[in-house]
Amino acid sequence: MTYHIPRLAMILKDASRAMRREFEARTTDWGLSATQWRLLAHILNDGPMTQAALADLLDVEPMSVSRLLDRMEAADWVRRCPHPEDRRAETGRYRGHVDR
C-alpha cells in the first residue's frame, strides 16, 4: 500500500480552511473571531479558568488571551473574577449571553 502523506496533508489543510471559512460566515453576526469562539467554548464546557490555562488550551501566549478577554469583556461576553485560591490570578467566566 502506498501512502501519499504530502497529498493527505494538503487535503486536510484545505478542508480545515473551508470549514473555518464556513464557520466564520455563519457566525459573523455574533461578532466573535474563531479564536474567541474557541475560548468561549472552553469556558462553557470546562467552567471558569485562568488566563494561563486558556492560553495552554488555545496554544497561544497568555498575553494574547489577555487581549482576547479584554475584547470579549468589552462586548459583554465574559467577565473576569478573582481566582478563589490564588489572589494573583483571575478567571474568565461566561457572562450569560442567552439573549443573542
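## Sheet

Two strands, β1 and β3 (residues 90–94), run antiparallel and are joined by 2 bridges. Helices (H or I, at least four residues) and strands (E, at least two) are DSSP runs, numbered from the N terminus. Strands count as paired if DSSP finds at least two bridges between them. This is a predicted model: local features need pLDDT of at least 70, side-chain atom pairs count only at pLDDT 80 or more, and totals for chains, interfaces and linings use all residues. Residues are numbered from 1 along each chain as its sequence is written, and side-chain values use heavy atoms, with hydrogens and water left out.

The open sheet has 3 strands in the order β1-β3-β2, with antiparallel pairing. Its edge strands are β1 (49–50) and β2 (78–82), each pairing on one side only. Between β2 and β3 there are 5 bridges, again in the antiparallel sense. Strands of a sheet pair through backbone hydrogen bonds, either parallel or antiparallel.

## Residues across the strands

Gly92 in β3 stands opposite Met49. Gly92 also stands opposite Arg80. Thr50 faces Thr91 of β3, standing opposite it.

The largest nonpolar core holds 15 residues. Such a core is a set of buried Ala, Val, Leu, Ile, Met, Phe, Trp, Tyr and Cys residues joined through side-chain atoms within 4.5 Å. Leu39, Leu40, Leu54, Val65, Met72 and Val78 touch the most other members. Helices α2, α3 (51–58) and α4 each supply at least two residues of this core.

Leu40 touches Leu32, Met72, Trp77, Val78 and Tyr94, leaving aside residues up to four places away in sequence.

## Glu73

Glu73 is found in helix α4 (residues 62–74). Its relative accessible area is 27%, so Glu73 is partly exposed; buried means under 20%, exposed over 50%, and partly exposed in between (1.4 Å probe, protein chains only).

Residues up to four places away in sequence aside, Glu73 touches Val78, Arg79 and Arg80. Arg95 is 22 residues from Glu73 in sequence. In space, Glu73 and Arg95 are 8.6 Å apart, C-alpha to C-alpha.

Conventions: Contact means heavy atoms within 4.5 Å.
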